Amino acid sequence: MTLLNRLQQATNELQAGPLYQSFGTLVRVNGMLLTVAGGQYTLGQRYQVEGQAGHWIEAEVVGFDREQAFLMPLTDASELSTGARVRPQAKQALTVSHALLGRVVDGLLQPLDDGPPLQRGEQISSQNMAVNPMQKKGVTTPLDVGIKAINGLFTVGQGQRLGLFAGSGVGKSKLLGMMTRFTSADVVIVGLVGERGWEVKDFIEHSLGPDGMKKAIVVAAPADQSPLLRMRTAELAHRLAAWFRDQGLHVLLLVDSLTRYAQAQREIALSVGEPPATRGYPPSVFSKLTQLVERAGNSSDSSGSMTAIYTVLAEGDDQQDPIADAARAILDGHIVLSRQLAERGHYPAIDIGASISRVMPNIVSATQLKSCYSLKRLYSRYQQIQELIPLGAYQPGKDTELDNAVAIYPKIEAFLCQGLNEQVDFAETEQQLTKLAV
(Lines give C-alpha, C1' and ligand atoms only; values in the text may rest on other atoms or scores of the structure.)
Protein backbone atom coordinates (compact mmCIF):
# COMPACT_ATOMS: atom_id res chain seq x y z
CA MET A 1 0.00 0.00 0.00
CA THR A 2 1.43 3.37 -1.01
CA LEU A 3 1.87 6.24 1.41
CA LEU A 4 -0.88 8.20 -0.38
CA ASN A 5 -3.36 5.34 0.05
CA ARG A 6 -2.48 4.98 3.70
CA LEU A 7 -3.01 8.70 4.28
CA GLN A 8 -6.34 8.53 2.49
CA GLN A 9 -7.44 5.55 4.62
CA ALA A 10 -6.40 7.32 7.83
CA THR A 11 -8.30 10.44 6.74
CA ASN A 12 -11.46 8.42 6.14
CA GLU A 13 -11.23 6.90 9.62
CA LEU A 14 -10.98 10.26 11.34
CA GLN A 15 -14.12 11.41 13.12
CA ALA A 16 -14.83 15.04 13.80
CA GLY A 17 -15.05 15.87 17.48
CA PRO A 18 -17.84 17.99 18.95
CA LEU A 19 -17.40 21.73 18.46
CA TYR A 20 -18.79 22.46 21.93
CA GLN A 21 -20.14 20.64 24.99
CA SER A 22 -23.16 21.72 26.99
CA PHE A 23 -23.18 21.39 30.78
CA GLY A 24 -25.93 21.52 33.36
CA THR A 25 -25.47 23.01 36.82
CA LEU A 26 -25.91 21.44 40.24
CA VAL A 27 -28.20 23.75 42.22
CA ARG A 28 -29.28 21.70 45.23
CA VAL A 29 -28.38 18.60 47.26
CA ASN A 30 -31.11 17.16 49.47
CA GLY A 31 -29.96 13.96 51.10
CA MET A 32 -29.16 11.62 48.20
CA LEU A 33 -31.14 13.67 45.70
CA LEU A 34 -29.29 16.06 43.36
CA THR A 35 -31.24 18.88 41.70
CA VAL A 36 -29.81 20.04 38.36
CA ALA A 37 -30.80 22.98 36.16
CA GLY A 38 -29.94 23.70 32.55
CA GLY A 39 -30.07 21.30 29.64
CA GLN A 40 -32.49 18.57 28.59
CA TYR A 41 -32.70 15.42 30.68
CA THR A 42 -34.16 11.99 29.94
CA LEU A 43 -35.59 9.74 32.63
CA GLY A 44 -33.21 6.84 33.32
CA GLN A 45 -30.26 8.37 31.46
CA ARG A 46 -26.82 8.42 33.07
CA TYR A 47 -24.99 11.70 33.79
CA GLN A 48 -21.75 12.71 35.44
CA VAL A 49 -21.46 15.36 38.15
CA GLU A 50 -18.12 17.10 38.72
CA GLY A 51 -16.59 16.61 42.16
CA GLN A 52 -14.18 18.91 44.00
CA ALA A 53 -11.14 16.74 43.31
CA GLY A 54 -11.73 16.87 39.57
CA HIS A 55 -13.24 13.40 39.27
CA TRP A 56 -16.73 12.81 37.91
CA ILE A 57 -19.49 11.11 39.90
CA GLU A 58 -21.97 8.91 38.05
CA ALA A 59 -25.65 9.66 38.59
CA GLU A 60 -28.96 8.78 36.96
CA VAL A 61 -32.10 10.80 36.29
CA VAL A 62 -34.92 9.61 38.55
CA GLY A 63 -37.37 12.46 37.93
CA PHE A 64 -37.80 16.06 36.82
CA ASP A 65 -39.97 19.09 37.48
CA ARG A 66 -40.25 21.64 34.67
CA GLU A 67 -36.72 22.96 34.04
CA GLN A 68 -35.11 21.04 36.90
CA ALA A 69 -34.06 17.39 36.89
CA PHE A 70 -33.56 15.09 39.90
CA LEU A 71 -30.53 12.82 39.85
CA MET A 72 -29.52 10.04 42.21
CA PRO A 73 -25.79 9.20 42.50
CA LEU A 74 -24.65 5.65 41.87
CA THR A 75 -21.45 6.04 43.88
CA ASP A 76 -20.21 8.11 46.82
CA ALA A 77 -21.16 11.77 46.37
CA SER A 78 -19.49 13.42 49.36
CA GLU A 79 -17.32 15.90 47.44
CA LEU A 80 -19.93 17.96 45.61
CA SER A 81 -19.90 21.74 45.52
CA THR A 82 -22.34 24.50 44.55
CA GLY A 83 -22.54 25.09 40.81
CA ALA A 84 -20.79 21.82 39.88
CA ARG A 85 -20.98 20.99 36.19
CA VAL A 86 -23.19 18.14 34.97
CA ARG A 87 -22.60 16.40 31.64
CA PRO A 88 -24.34 13.53 29.87
CA GLN A 89 -22.58 10.18 29.87
CA ALA A 90 -22.24 8.16 26.69
CA LYS A 91 -24.61 5.22 26.61
CA GLN A 92 -22.75 2.23 27.95
CA ALA A 93 -23.57 -1.29 26.89
CA LEU A 94 -22.82 -4.30 29.06
CA THR A 95 -19.89 -6.48 28.00
CA VAL A 96 -20.88 -10.05 28.81
CA SER A 97 -19.16 -13.36 28.14
CA HIS A 98 -18.45 -16.69 29.82
CA ALA A 99 -15.37 -15.02 31.32
CA LEU A 100 -17.75 -13.54 33.92
CA LEU A 101 -18.11 -16.96 35.57
CA GLY A 102 -16.30 -17.04 38.88
CA ARG A 103 -16.29 -13.24 39.24
CA VAL A 104 -17.76 -10.83 41.80
CA VAL A 105 -19.07 -7.55 40.36
CA ASP A 106 -21.16 -4.58 41.45
CA GLY A 107 -24.35 -3.22 39.96
CA LEU A 108 -22.38 -1.44 37.21
CA LEU A 109 -20.57 -4.66 36.20
CA GLN A 110 -17.32 -3.40 37.72
CA PRO A 111 -15.13 -6.07 39.38
CA LEU A 112 -15.16 -6.25 43.18
CA ASP A 113 -12.61 -9.06 43.31
CA ASP A 114 -8.93 -9.14 42.39
CA GLY A 115 -9.52 -10.50 38.89
CA PRO A 116 -8.54 -8.82 35.62
CA PRO A 117 -10.67 -6.10 33.98
CA LEU A 118 -13.72 -7.28 32.03
CA GLN A 119 -13.10 -6.13 28.46
CA ARG A 120 -13.95 -8.65 25.77
CA GLY A 121 -17.38 -10.08 25.11
CA GLU A 122 -20.76 -9.44 23.54
CA GLN A 123 -22.18 -5.95 23.82
CA ILE A 124 -25.78 -6.00 25.08
CA SER A 125 -28.19 -3.37 26.36
CA SER A 126 -28.28 -2.82 30.12
CA GLN A 127 -32.08 -2.58 30.01
CA ASN A 128 -34.15 -5.61 30.95
CA MET A 129 -36.41 -6.02 27.94
CA ALA A 130 -40.00 -7.11 28.53
CA VAL A 131 -40.93 -10.50 27.09
CA ASN A 132 -44.08 -10.94 25.04
CA PRO A 133 -46.44 -13.18 27.08
CA MET A 134 -47.00 -15.34 24.00
CA GLN A 135 -43.24 -15.99 23.79
CA LYS A 136 -42.98 -17.32 27.32
CA LYS A 137 -42.59 -21.06 27.81
CA GLY A 138 -44.30 -22.91 30.63
CA VAL A 139 -42.71 -24.94 33.41
CA THR A 140 -42.72 -28.63 32.52
CA THR A 141 -39.56 -30.17 34.03
CA PRO A 142 -38.76 -30.67 37.75
CA LEU A 143 -35.60 -29.11 39.17
CA ASP A 144 -33.65 -31.06 41.78
CA VAL A 145 -32.69 -28.68 44.61
CA GLY A 146 -31.26 -31.40 46.86
CA ILE A 147 -33.61 -30.70 49.81
CA LYS A 148 -36.10 -33.41 50.78
CA ALA A 149 -38.90 -31.19 52.03
CA ILE A 150 -38.86 -29.06 48.88
CA ASN A 151 -38.26 -31.84 46.35
CA GLY A 152 -41.01 -33.95 47.85
CA LEU A 153 -43.69 -31.48 48.95
CA PHE A 154 -43.04 -28.26 46.99
CA THR A 155 -41.32 -29.44 43.84
CA VAL A 156 -39.57 -26.65 41.95
CA GLY A 157 -39.67 -26.60 38.14
CA GLN A 158 -37.13 -25.26 35.66
CA GLY A 159 -38.25 -21.71 34.97
CA GLN A 160 -40.28 -21.29 38.16
CA ARG A 161 -40.14 -18.15 40.31
CA LEU A 162 -40.13 -19.10 43.99
CA GLY A 163 -40.03 -17.02 47.17
CA LEU A 164 -38.44 -17.85 50.54
CA PHE A 165 -40.49 -15.97 53.17
CA ALA A 166 -39.38 -15.48 56.76
CA GLY A 167 -38.51 -13.01 59.47
CA SER A 168 -34.94 -12.18 60.41
CA GLY A 169 -32.72 -14.94 61.80
CA VAL A 170 -34.92 -17.89 60.81
CA GLY A 171 -32.57 -19.43 58.25
CA LYS A 172 -33.38 -17.89 54.86
CA SER A 173 -29.75 -17.40 53.88
CA LYS A 174 -28.75 -20.89 55.07
CA LEU A 175 -31.54 -22.49 53.05
CA LEU A 176 -30.60 -20.36 50.06
CA GLY A 177 -27.01 -21.51 50.42
CA MET A 178 -28.07 -25.17 50.47
CA MET A 179 -30.10 -24.68 47.30
CA THR A 180 -27.12 -22.92 45.72
CA ARG A 181 -24.79 -25.84 46.37
CA PHE A 182 -27.20 -28.68 45.66
CA THR A 183 -29.21 -27.46 42.65
CA SER A 184 -28.11 -28.84 39.28
CA ALA A 185 -27.65 -25.81 37.00
CA ASP A 186 -25.16 -24.78 34.32
CA VAL A 187 -24.86 -21.22 35.65
CA VAL A 188 -25.73 -19.67 39.03
CA ILE A 189 -26.31 -15.90 39.23
CA VAL A 190 -26.39 -14.53 42.78
CA GLY A 191 -27.73 -11.03 43.47
CA LEU A 192 -26.91 -9.82 47.01
CA VAL A 193 -29.00 -6.68 47.43
CA GLY A 194 -28.80 -4.48 50.51
CA GLU A 195 -27.42 -7.11 52.86
CA ARG A 196 -24.64 -6.63 55.42
CA GLY A 197 -21.21 -6.18 53.85
CA TRP A 198 -19.55 -9.19 55.48
CA GLU A 199 -22.28 -11.49 54.13
CA VAL A 200 -20.95 -11.11 50.58
CA LYS A 201 -17.66 -12.81 51.36
CA ASP A 202 -19.32 -15.24 53.77
CA PHE A 203 -21.80 -16.35 51.09
CA ILE A 204 -19.00 -16.89 48.57
CA GLU A 205 -16.79 -18.86 50.96
CA HIS A 206 -19.39 -20.96 52.79
CA SER A 207 -22.47 -21.15 50.59
CA LEU A 208 -20.89 -21.33 47.14
CA GLY A 209 -17.43 -22.67 47.91
CA PRO A 210 -14.61 -22.99 45.35
CA ASP A 211 -16.46 -25.54 43.20
CA GLY A 212 -19.72 -23.60 43.17
CA MET A 213 -17.97 -20.34 42.39
CA LYS A 214 -16.58 -21.77 39.15
CA LYS A 215 -20.05 -21.68 37.57
CA ALA A 216 -21.38 -18.63 39.44
CA ILE A 217 -21.46 -14.86 39.09
CA VAL A 218 -22.03 -12.78 42.22
CA VAL A 219 -23.52 -9.30 41.79
CA ALA A 220 -23.37 -7.43 45.09
CA ALA A 221 -24.40 -4.07 46.57
CA PRO A 222 -24.29 -3.98 50.39
CA ALA A 223 -26.64 -1.89 52.52
CA ASP A 224 -24.27 1.10 52.66
CA GLN A 225 -24.41 1.60 48.89
CA SER A 226 -26.66 4.04 47.06
CA PRO A 227 -30.31 2.90 46.81
CA LEU A 228 -30.08 3.31 43.04
CA LEU A 229 -27.04 1.03 42.89
CA ARG A 230 -28.87 -1.55 45.02
CA MET A 231 -31.74 -1.52 42.53
CA ARG A 232 -29.39 -1.80 39.56
CA THR A 233 -27.71 -4.80 41.22
CA ALA A 234 -30.93 -6.82 41.20
CA GLU A 235 -31.73 -5.72 37.65
CA LEU A 236 -28.21 -6.58 36.42
CA ALA A 237 -28.50 -10.06 37.96
CA HIS A 238 -31.70 -10.61 35.95
CA ARG A 239 -30.08 -9.26 32.78
CA LEU A 240 -27.09 -11.60 33.09
CA ALA A 241 -29.33 -14.58 33.86
CA ALA A 242 -31.46 -13.85 30.79
CA TRP A 243 -28.35 -13.66 28.58
CA PHE A 244 -27.05 -17.04 29.73
CA ARG A 245 -30.55 -18.52 29.36
CA ASP A 246 -30.65 -17.29 25.77
CA GLN A 247 -27.34 -19.12 25.20
CA GLY A 248 -29.24 -22.37 25.82
CA LEU A 249 -28.03 -22.90 29.40
CA HIS A 250 -29.98 -23.79 32.53
CA VAL A 251 -29.64 -20.82 34.89
CA LEU A 252 -30.42 -20.56 38.59
CA LEU A 253 -30.97 -16.95 39.71
CA LEU A 254 -30.83 -16.20 43.43
CA VAL A 255 -31.79 -12.75 44.76
CA ASP A 256 -31.27 -11.93 48.45
CA SER A 257 -33.44 -10.06 49.01
CA LEU A 258 -36.52 -8.85 47.14
CA THR A 259 -37.50 -6.81 50.20
CA ARG A 260 -34.28 -4.78 50.09
CA TYR A 261 -34.92 -4.07 46.40
CA ALA A 262 -38.36 -2.70 47.31
CA GLN A 263 -36.92 -0.63 50.14
CA ALA A 264 -34.36 0.91 47.77
CA GLN A 265 -37.13 1.92 45.37
CA ARG A 266 -39.07 3.36 48.32
CA GLU A 267 -36.10 5.58 49.22
CA ILE A 268 -35.88 6.87 45.66
CA ALA A 269 -39.61 7.40 45.20
CA LEU A 270 -40.03 9.29 48.47
CA SER A 271 -37.01 11.46 47.63
CA VAL A 272 -38.60 12.69 44.40
CA GLY A 273 -41.90 13.46 46.14
CA GLU A 274 -44.03 10.40 45.37
CA PRO A 275 -46.75 10.08 48.03
CA PRO A 276 -46.54 7.07 50.37
CA ALA A 277 -49.37 4.55 50.23
CA THR A 278 -49.36 1.15 51.94
CA ARG A 279 -47.24 1.35 55.13
CA GLY A 280 -45.06 4.03 53.60
CA TYR A 281 -44.47 2.22 50.29
CA PRO A 282 -45.30 4.39 47.24
CA PRO A 283 -47.28 2.78 44.39
CA SER A 284 -44.21 2.61 42.11
CA VAL A 285 -42.62 0.03 44.45
CA PHE A 286 -45.21 -2.61 43.60
CA SER A 287 -44.97 -1.78 39.90
CA LYS A 288 -41.18 -2.22 40.03
CA LEU A 289 -41.51 -5.57 41.80
CA THR A 290 -43.76 -6.92 39.07
CA GLN A 291 -41.50 -5.64 36.29
CA LEU A 292 -38.44 -7.26 37.90
CA VAL A 293 -40.00 -10.67 38.56
CA GLU A 294 -41.56 -10.86 35.09
CA ARG A 295 -38.05 -10.78 33.57
CA ALA A 296 -37.42 -14.26 34.98
CA GLY A 297 -38.77 -17.53 33.58
CA ASN A 298 -38.42 -19.47 30.35
CA SER A 299 -38.55 -18.18 26.78
CA SER A 300 -39.82 -20.04 23.73
CA ASP A 301 -36.90 -18.55 21.79
CA SER A 302 -34.36 -20.49 23.85
CA SER A 303 -33.76 -24.10 24.86
CA GLY A 304 -32.37 -22.88 28.18
CA SER A 305 -34.22 -22.11 31.39
CA MET A 306 -34.11 -19.40 34.06
CA THR A 307 -35.27 -20.43 37.53
CA ALA A 308 -35.46 -17.58 40.04
CA ILE A 309 -35.50 -17.87 43.84
CA TYR A 310 -36.09 -14.72 45.90
CA THR A 311 -35.81 -14.25 49.63
CA VAL A 312 -38.55 -12.05 51.14
CA LEU A 313 -38.11 -10.58 54.61
CA ALA A 314 -41.41 -10.58 56.49
CA GLU A 315 -40.82 -7.77 59.00
CA GLY A 316 -41.82 -8.84 62.49
CA ASP A 317 -42.78 -12.29 61.12
CA ASP A 318 -45.83 -10.61 59.61
CA GLN A 319 -46.85 -12.59 56.53
CA GLN A 320 -49.30 -9.77 55.69
CA ASP A 321 -46.42 -7.34 55.24
CA PRO A 322 -47.18 -5.42 52.00
CA ILE A 323 -44.04 -6.61 50.20
CA ALA A 324 -44.56 -10.22 51.28
CA ASP A 325 -48.21 -10.03 50.25
CA ALA A 326 -47.36 -8.53 46.85
CA ALA A 327 -44.60 -11.09 46.26
CA ARG A 328 -46.95 -14.00 46.94
CA ALA A 329 -49.29 -12.70 44.25
CA ILE A 330 -46.65 -12.44 41.51
CA LEU A 331 -44.49 -15.49 42.27
CA ASP A 332 -45.17 -19.10 41.26
CA GLY A 333 -44.90 -20.43 44.79
CA HIS A 334 -43.60 -19.61 48.25
CA ILE A 335 -41.71 -21.43 51.00
CA VAL A 336 -42.55 -20.00 54.45
CA LEU A 337 -40.06 -20.48 57.28
CA SER A 338 -41.44 -20.69 60.81
CA ARG A 339 -39.71 -19.11 63.82
CA GLN A 340 -41.39 -21.63 66.14
CA LEU A 341 -39.86 -24.54 64.21
CA ALA A 342 -36.44 -22.85 64.15
CA GLU A 343 -36.56 -22.34 67.92
CA ARG A 344 -37.21 -26.08 68.31
CA GLY A 345 -34.10 -26.90 66.27
CA HIS A 346 -36.10 -28.03 63.23
CA TYR A 347 -34.04 -27.16 60.12
CA PRO A 348 -34.90 -26.23 57.50
CA ALA A 349 -37.78 -24.61 59.40
CA ILE A 350 -40.33 -24.96 56.58
CA ASP A 351 -43.97 -24.46 57.53
CA ILE A 352 -45.49 -27.02 55.17
CA GLY A 353 -49.03 -25.84 55.89
CA ALA A 354 -48.31 -22.26 54.76
CA SER A 355 -46.08 -23.13 51.77
CA ILE A 356 -47.03 -24.07 48.23
CA SER A 357 -45.59 -24.68 44.77
CA ARG A 358 -48.10 -23.67 42.12
CA VAL A 359 -46.41 -25.63 39.34
CA MET A 360 -45.96 -28.90 41.26
CA PRO A 361 -49.19 -30.62 40.07
CA ASN A 362 -48.03 -30.19 36.46
CA ILE A 363 -44.49 -31.55 36.79
CA VAL A 364 -44.61 -34.55 39.16
CA SER A 365 -46.13 -38.00 38.90
CA ALA A 366 -49.58 -38.81 40.22
CA THR A 367 -48.00 -41.14 42.78
CA GLN A 368 -45.80 -38.41 44.26
CA LEU A 369 -48.68 -35.95 44.29
CA LYS A 370 -50.88 -38.44 46.17
CA SER A 371 -48.09 -39.15 48.68
CA CYS A 372 -47.54 -35.42 49.16
CA TYR A 373 -51.20 -34.74 49.94
CA SER A 374 -51.33 -37.72 52.29
CA LEU A 375 -48.30 -36.55 54.28
CA LYS A 376 -49.62 -32.98 54.51
CA ARG A 377 -52.96 -34.24 55.79
CA LEU A 378 -51.34 -36.40 58.50
CA TYR A 379 -49.05 -33.53 59.49
CA SER A 380 -52.02 -31.17 59.76
CA ARG A 381 -54.03 -33.63 61.89
CA TYR A 382 -51.13 -34.00 64.32
CA GLN A 383 -50.73 -30.22 64.65
CA GLN A 384 -54.38 -29.99 65.71
CA ILE A 385 -53.87 -32.08 68.86
CA GLN A 386 -50.15 -31.57 69.49
CA GLU A 387 -50.71 -29.45 72.61
CA LEU A 388 -53.27 -31.89 74.02
CA ILE A 389 -50.96 -34.91 74.13
CA PRO A 390 -48.80 -33.76 77.11
CA LEU A 391 -52.00 -32.92 79.03
CA GLY A 392 -53.41 -36.42 78.55
CA ALA A 393 -56.44 -35.06 76.72
CA TYR A 394 -55.77 -37.16 73.61
CA GLN A 395 -57.43 -40.58 73.72
CA PRO A 396 -56.30 -43.05 71.05
CA GLY A 397 -58.72 -45.44 69.40
CA LYS A 398 -61.47 -42.96 68.49
CA ASP A 399 -60.05 -41.68 65.19
CA THR A 400 -57.99 -44.05 63.03
CA GLU A 401 -56.44 -41.31 60.87
CA LEU A 402 -55.53 -39.26 63.94
CA ASP A 403 -53.95 -42.30 65.59
CA ASN A 404 -51.95 -42.90 62.41
CA ALA A 405 -50.82 -39.26 62.39
CA VAL A 406 -49.59 -39.47 66.02
CA ALA A 407 -47.77 -42.74 65.35
CA ILE A 408 -46.03 -41.60 62.17
CA TYR A 409 -45.21 -38.01 63.17
CA PRO A 410 -41.63 -38.74 64.36
CA LYS A 411 -40.86 -40.20 60.93
CA ILE A 412 -42.47 -37.20 59.21
CA GLU A 413 -40.33 -34.81 61.28
CA ALA A 414 -37.20 -36.80 60.45
CA PHE A 415 -38.08 -36.57 56.76
CA LEU A 416 -38.57 -32.81 56.94
CA CYS A 417 -35.27 -32.16 58.76
CA GLN A 418 -31.96 -32.07 56.90
CA GLY A 419 -28.38 -31.09 57.71
CA LEU A 420 -26.68 -28.11 56.05
CA ASN A 421 -24.23 -30.36 54.19
CA GLU A 422 -26.64 -33.22 53.52
CA GLN A 423 -27.85 -33.56 49.94
CA VAL A 424 -30.79 -35.78 48.95
CA ASP A 425 -31.55 -36.10 45.26
CA PHE A 426 -34.99 -36.15 43.67
CA ALA A 427 -35.20 -39.94 43.15
CA GLU A 428 -34.27 -40.75 46.75
CA THR A 429 -36.70 -38.13 48.03
CA GLU A 430 -39.55 -39.67 46.05
CA GLN A 431 -38.75 -43.13 47.43
CA GLN A 432 -38.68 -41.90 51.03
CA LEU A 433 -41.90 -39.96 50.54
CA THR A 434 -43.74 -42.92 49.01
CA LYS A 435 -42.63 -45.23 51.81
CA LEU A 436 -43.63 -42.70 54.47
CA ALA A 437 -47.10 -42.00 53.09
CA VAL A 438 -48.14 -45.65 52.69
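Mentor: We'll take the sheet, then one glutamine, then the rings. Keep in mind that this is a predicted model.

Trainee: Fine. In what order do the eight strands of the open sheet run?

Mentor: The order is E8-E15-E14-E16-E18-E13-E19-E20, with mixed pairing.

Trainee: And which are the edge strands?

Mentor: Strand E8 (104-105) and strand E20 (356-357). Each of them pairs on one side only.

Trainee: In what sense do E14 and E15 pair, and over how many bridges?

Mentor: Parallel, over six bridges. E14 covers residues 187-193 and E15 covers residues 216-221. For a landmark, find Val-190: its bridge partner in E15 is Val-218.

Trainee: Which strands does helix H4 touch?

Mentor: H4, residues 197-213, packs on the sheet and touches E8, E14 and E15. The direction of H4 makes about 170° with that of E15.

Trainee: Switching topic. Where does Gln-160 lie?

Mentor: In the loop between strand E12 (156-157) and strand E13 (161-166).

Trainee: Is Gln-160 buried or exposed there?

Mentor: Buried. Its relative accessibility is 0%, and the cut-off for buried is under 20%.

Trainee: So what does the side chain of Gln-160 reach?

Mentor: The backbone oxygen of Asp-332, at 3.0 Å. A polar atom of the Gln-160 side chain also lies 2.9 Å from the backbone nitrogen of Gly-157.

Trainee: What else does Gln-160 touch, leaving out residues up to four places away in sequence?

Mentor: Several residues, including Val-139, Thr-155, Met-306, Ser-357 and Arg-358.

Trainee: Now the rings. How many aromatic pairs does the structure hold?

Mentor: Six. One of them is Trp-243 with Phe-244, at 4.9 Å centre to centre and 85° between the planes.

Trainee: Why does that pair count as edge-to-face?

Mentor: Because the planes are 85° apart, and over 60 degrees counts as edge-to-face.

Trainee: How buried are Trp-243 and Phe-244?

Mentor: Trp-243 has a relative accessible area of 8%, so it is buried. Phe-244 is buried too, at 0%.

Trainee: Which residues make up the aromatic cluster?

Mentor: Tyr-379, Tyr-382 and Tyr-409 form one cluster.

Trainee: Last one. Which ring does the charged end of Arg-87 sit over?

Mentor: The ring of Trp-56, 3.8 Å from its centre. Look at Arg-181 as well: it lies over the face of Phe-182, 5.3 Å from the ring centre.

Definitions and conventions. Residues are numbered from 1 along each chain as its sequence is written. This is a predicted model: local features need pLDDT of at least 70, side-chain atom pairs count only at pLDDT 80 or more; totals for chains, interfaces and linings use all residues. Side-chain values use heavy atoms; hydrogens and water are left out. Rings of Phe, Tyr and Trp (its six-membered ring) pair if their centres lie within 6.5 Å; planes under 30 degrees apart count as stacked, over 60 as edge-to-face and the rest as tilted. Buried means under 20% relative accessible area, exposed over 50%, partly exposed in between (1.4 Å probe, protein chains only). A charge sits over a ring if NZ of Lys or CZ of Arg is within 6 Å of the ring centre and within 35 degrees of the ring normal. Helices (H or I, at least four residues) and strands (E, at least two) are DSSP runs, numbered from the N terminus. A polar contact is a pair of N or O atoms within 3.5 Å; within protein, one must be able to donate a hydrogen and the other to accept it, and residues adjacent in sequence count only if both atoms are side-chain atoms. Contact means heavy atoms within 4.5 Å. Two strands pair if DSSP finds at least two bridges between them. Axes are lines fitted to C-alpha atoms, for helices over the stretch in contact, and angles run from 0 to 180 degrees between N-to-C directions.
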